[in-house]
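Here's a quick briefing to read with the sequence and the model side by side.

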Amino acid sequence: RENHIGAEEVAGPVEVIFDEPVVEVVAGDDEIFTVVDQQPEYAGGYDAMIAFIKKNMVYPPNARRMQIEGTVHVSFIVSKTGEISDVKVLRGIMTECDKEAVRVVQMMPRWNPGKQNGRPVNVRFIIPLKFRIR
């Protein structure tokens, strides 16, 4: 009996669903606001962000085989220059799914930064990414 190790192709539709993100604002270096005048925005808007994530997200084969479904809550900061940083899982479902969610968020292009009193500020987002096998 041979052991085959490597990538596995699994057919069938897979869905990644997004709920509205939760936003926390970090202005200055460490100052935190609960409300800002202008929220940061993914270039092209919310629908473009969803399209980017759906295009780049890969359902981990091991998670699919084990029928793992659930929501991974990913936290990240959109800096005052629009860069994505400090990406981490707040609540995960399985190591492979958690790592995939972080990988895709880290790939996101620069955002339009949020503003408070007319100046760019750092904003923390929490995005729930739902892995579901259909």
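**The core and strand E4**

Four residues touch the most other members of the largest nonpolar core, a set of 29 residues: Phe76, Ile84, Met108 and Trp111. Two or more core residues come from each of helix H1 (46-56), strand E4, strand E5, helix H3 (95-107) and strand E7. E7 gives the largest share of this core, with 7 residues. Keep in mind that this is a predicted model.

**Around Met108**

- Set aside the neighbours within four places in sequence, and Met108 is in contact with Tyr42, Met49, Phe52, Phe76 and Ile84.
- Two of those partners, Phe76 and Ile84, are also among the core residues that touch the most other members.

**E4 with E7**

- On one pairing, E4 runs antiparallel to E7 (residues 119-133), and 9 bridges join the two strands.
- If you want a spot to look at, find Ile77, whose bridge partner in E7 is Arg124.

**E4 with E5**

- E4 also pairs with E5 (residues 84-91), again in the antiparallel sense, over 5 bridges.
- In this pairing, His73 stands opposite Arg91 of E5.

Notes. Residues numbered from 1 in each chain as written. Predicted model: local features only at pLDDT ≥ 70, side-chain atom pairs only at ≥ 80, totals over all residues. Heavy atoms only, no water. Pairing = 2+ DSSP bridges. Helix = DSSP H or I, 4+ residues; strand = E, 2+ residues; numbered from the N terminus. Core = buried A, V, L, I, M, F, W, Y, C linked by side-chain atoms within 4.5 Å. Buried < 20%, exposed > 50% of the residue type's maximum accessible area, 1.4 Å probe, protein only. Contact = heavy atoms within 4.5 Å.
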